Amino acid sequence: MDSAITARASESFELAALLERCGRSDRQAFAELYDRTSARVFGLVLRVLHDSGYAEETTQEVYLQIWRTAANFDPAKGSAVTWLMTLAHRRAVDRVRAEQAHAQREVTYGAATLGNEFDEVTEEVGRRLEQQAVRESLATLTETQREAISLAYFGGRTYAEVATYLGVGLPTVKSRIRDGLTRLKKSLGVT
């Protein structure tokens, strides 16, 4: 266990040094940082977006942001991995919100252009049934899973922020959310 902690501390120190060099426009440091972290960043973004094409684009945007803002990284405020993953999670959530806003604009435009050909009552009933299904599915989760998911997805907090808020380790929060989301998928019949 001590060797794992030592390895994580060593990696954190090395990544912080790479970020510092990136902040001084060191391309070699950026290439090394990318090689060492891109799989983790892509994995997080993919888990949020569920679409490999969007995840690739968003990961590229994350690394552009890292290149531009690496000088802002402060190791006194957290580890390099936490900083990278926070940027990635925020960028992925922004992408989800942008896609949702785009979809909503399309619906609004379609409704305005096509007139009121859809049945508003049917739409409202469908929306309420979906909400009820989600509430019922959330009720099947353990209290700890429901709390962690609510903080992350409805409260807009990062996994690290959820861990801090709950006073538990980041791996514990990740497990609770992963297990809870798996249960929700099964309960809602999502594949």
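A: His50 lies in the loop between α2 and α3, where helices are DSSP runs of H or I with at least four residues, strands are runs of E with at least two, and both are numbered from the N terminus. The model is a predicted one, in which local features need pLDDT of at least 70 and side-chain atom pairs count only at pLDDT 80 or more, while totals for chains, interfaces and linings use all residues. Residues are numbered from 1 along each chain as its sequence is written, and side-chain values use heavy atoms, with hydrogens and water left out.

The phi angle of His50 is near 60 degrees, a positive value in a residue that is not glycine. With a relative accessible area of 59%, His50 is exposed; exposed stands for over 50%, buried for under 20% and partly exposed for the range in between, using a 1.4 Å probe and protein chains only. A positive phi also occurs at Ser25, near 65 degrees and again in a residue other than glycine. Ser25 belongs to the loop between α1 and α2.

The largest nonpolar core has 26 residues, a core being a set of buried Ala, Val, Leu, Ile, Met, Phe, Trp, Tyr and Cys residues joined through side-chain atoms within 4.5 Å. Two or more residues of this core come from each of α1 (2–23), α2 (27–49), α3 (52–69) and α4 (80–114). Helix α2 supplies the largest share, eight residues. Leu19, Leu33, Val45, Ile66 and Trp83 have the most contacts inside the core. Apart from residues up to four places away in sequence, Leu33 touches Leu15, Leu18, Leu19, Cys22, Ser38, Ile66 and Leu84, contact meaning heavy atoms within 4.5 Å. A second, separate core has 12 residues, among them Leu141, Ala152, Ala163 and Ile177.

Charged side chains also join helices α3 and α4. Arg91 forms a salt bridge with Glu61, their closest N and O atoms lying 3.9 Å apart; the term requires a side-chain nitrogen of Lys or Arg within 4 Å of a carboxyl oxygen of Asp or Glu. This pair links distant parts of the chain, with Arg91 in helix α4 and Glu61 in helix α3, 30 residues apart. Arg91 is partly exposed at 26% relative accessible area, as is Glu61 at 28%. Within helix α4, Arg95 and Glu99 lie four residues apart, about one turn of the helix, and their side chains meet in a salt bridge of 3.5 Å, N to O. Arg95 counts as buried at 12% relative accessibility, whereas Glu99 is partly exposed at 29%. Glu57, Glu61, Arg91, Arg95 and Glu99 are linked in a network of salt bridges.

Another salt bridge, at 4.0 Å from N to O, joins the side chains of Arg90 and Glu161. Here Arg90 in helix α4 and Glu161 in helix α7 (residues 159–166) are 71 residues apart. The count of salt bridges comes to 12.

As for the whole, the protein chain holds eight helices and zero strands. Its C-alpha trace spans about 60 × 40 × 25 Å along the principal axes, and buried residues make up 27% of its 191 residues.
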